[in-house]
Amino acid sequence: MILVMFLDMKNGMAFNRRRQTRDRAATERLLSLFPGKCFWGDARTQMLFEDFDQADFKADPDFLDKAGDGDVAIAEFVPSDQLTAVDNQIEQLVIYRWDKVYPADLVCTYPLAKAGWNLVQQTEFKGHSHDKITEEVYHR
């Protein structure tokens with residue numbers, strides 16, 4: 001699976017069981033990066049794709065177990081220990097990083113370097129609600 005996360009500048013993921021922010025430019029970018037792919041996430045993530053008819057999105061509470069080779073799994077509300085548990089299934093990692101620090105009670109502590117991930121591409125683009133969003137692509 002290709003794992004995608006949305007993080008703030010301090011690796012914050014969510015606050016009070018809600019995403020910190022959303023920007024449809026990040027979803028547009030994600031769809032253009034992986035055209036024709038199957039996207040997986042939980043029911044809260046599905047709303048990111050509601051404005052995109054071309055997206056093949058599947059909501060399932062066990063999406064990390066169900067996403068197959070080449071599928072894109074979006075981990076917005078997943079504790080880092082659950083990511084570590086599926087580490088051997090992750091083919092590629094993409095992080096969309098907001099240019100802000102938001103309140104967070106769920107912070108990503110997934111150890112990128114320890115898990116062997118190397119940053120291979122970094123692209124900045126302007127969002128609809130963020131002046132700068134950074135797309136980070138990692139490979140092993």
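Trainee: How many helices and strands does the protein chain have?

Mentor: Helices (H or I, at least four residues) and strands (E, at least two) are DSSP runs, numbered from the N terminus. Here the protein chain has 4 helices and 10 strands, and from the N terminus on they run β-β-β-α-β-α-β-α-β-α-β-β-β-β. Bear in mind that this is a predicted model, where local features need pLDDT of at least 70, side-chain atom pairs count only at pLDDT 80 or more, and totals for chains, interfaces and linings use all residues. Residues are numbered from 1 along each chain as its sequence is written, and side-chain values use heavy atoms, with hydrogens and water left out.

Trainee: What share of the contacts comes from residues 24 or more positions apart?

Mentor: A contact is heavy atoms within 4.5 Å. Among contacts in the protein chain with a separation of 6 or more, 69% come from residues 24 or more positions apart.

Trainee: How many aromatic pairs does a search of the whole structure find?

Mentor: Rings of Phe, Tyr and Trp (its six-membered ring) pair if their centres lie within 6.5 Å; planes under 30 degrees apart are stacked, over 60 edge-to-face, and the rest tilted. The search finds 5. One of them is F6 with W98, stacked at 5.8 Å centre to centre with 10° between the planes. That pair joins strand 1 (residues 2-7) to strand 7 (residues 92-98), with F6 and W98 92 residues apart. Both F6 and W98 are buried.

Trainee: Which aromatic pair is edge-to-face?

Mentor: Look at Y96 and F125, 6.2 Å centre to centre with 80° between the planes. Y96 is in strand 7 and F125 in strand 9 (residues 118-125), 29 residues apart, and both are buried. Ring pairs link F6, Y96, W98 and F125 into a cluster.

Notes
Buried means under 20% relative accessible area, exposed over 50%, partly exposed in between (1.4 Å probe, protein chains only).
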